[in-house]
Amino acid sequence: SISTICESAVNAIRSLGNVGTVLLGGMDRGIDYTELMDCLFDVHIDNLVLIGEAAPRLNALINEYGLYFAGE
C-alpha cells in the first residue's frame, strides 16, 4: 500500500510482521524519518528498495543508522 507519512508506513510494516521487500521513497518532502529508521531496526525485512527523489536521503540515513538488509 502507499503511505505518505512515516507513521502510516511504520504501522503497515509492523502489522505485516516479517516482510520480504519494502519500497521506500518518492518525492522528498523533507519529513523526519527517525520513526521509520527505528522501526526498521525492530522488524525483519529481506530487501529494501529505495526510489525517487528521497532515495539518496533515505540511503544516507540507512547507512548512518547502520542498517543492513539481506539483499545488500
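Q: What covers the buried residues of helix 1?
A: This is a predicted model. In it, the cover over the buried residues of helix 1 includes strand 1, helix 2 and strand 2.

Q: Which residues of helix 1 are buried?
A: Helix 1 spans residues 6–16, and C6, A9, V10 and I13 are buried in it. They lie on the same side of helix 1, because they cover an arc of only 100° around the axis.

Q: Why do residues three or four places apart point the same way in an α-helix?
A: An α-helix has 3.6 residues a turn, so residues at that spacing point the same way.

Q: What follows helix 1?
A: G17 does, and its phi is positive, near 75°.

Q: OK, helix 2. Which residues are buried there?
A: L36, M37, C39 and L40 are the buried residues of helix 2. Their arc, seen down the axis of helix 2, is 160°, so they line one face of the helix.

Q: And what do the buried residues of helix 2 pack against?
A: They pack against helix 1, strand 1, strand 2 and helix 3.

Q: Switching to the strands. Do they run parallel or antiparallel?
A: Strand 1 (residues 19–25) and strand 2 (residues 45–51) run parallel, joined by six bridges.

Q: Where does helix 2 come into that, and what is the hand of the β-α-β unit?
A: Helix 2 (residues 34–42) forms the unit together with strand 1 and strand 2, and the unit is right-handed.

Q: What's the pattern along the whole chain?
A: It reads α-β-α-β-α, with three helices and two strands.

Q: How many aromatic pairs are there?
A: The structure holds one. The rings are those of F41 and Y65; their centres are 6.3 Å apart and their planes are at 45°, so the pair is tilted.

Q: Which parts does the pair tie together?
A: F41 is in helix 2 and Y65 is in helix 3 (residues 55–65), so the pair links parts that are 24 residues apart in sequence.

Q: Last topic, the overall size. What radius of gyration does the chain have?
A: The protein chain has 11 Å, which agrees with the value near 11 Å for a compact globule with 72 residues. Its C-alpha atoms fill a box of roughly 30 × 25 × 20 Å along the principal axes.

Note on methods
Residues are numbered from 1 along each chain as its sequence is written. This is a predicted model: local features need pLDDT of at least 70, side-chain atom pairs count only at pLDDT 80 or more; totals for chains, interfaces and linings use all residues. Side-chain values use heavy atoms; hydrogens and water are left out. Two strands pair if DSSP finds at least two bridges between them. Helices (H or I, at least four residues) and strands (E, at least two) are DSSP runs, numbered from the N terminus. A crossover is right-handed if, with the strands pointing away from the viewer, the path from the first strand over the helix to the second runs clockwise. Buried means under 20% relative accessible area, exposed over 50%, partly exposed in between (1.4 Å probe, protein chains only). The arc is that of the directions from the helix axis to the C-beta atoms. Contact means heavy atoms within 4.5 Å. Rings of Phe, Tyr and Trp (its six-membered ring) pair if their centres lie within 6.5 Å; planes under 30 degrees apart count as stacked, over 60 as edge-to-face and the rest as tilted. The radius of gyration is taken over C-alpha atoms; the globule rule is 2.2 Å times the number of residues to the power 0.38.
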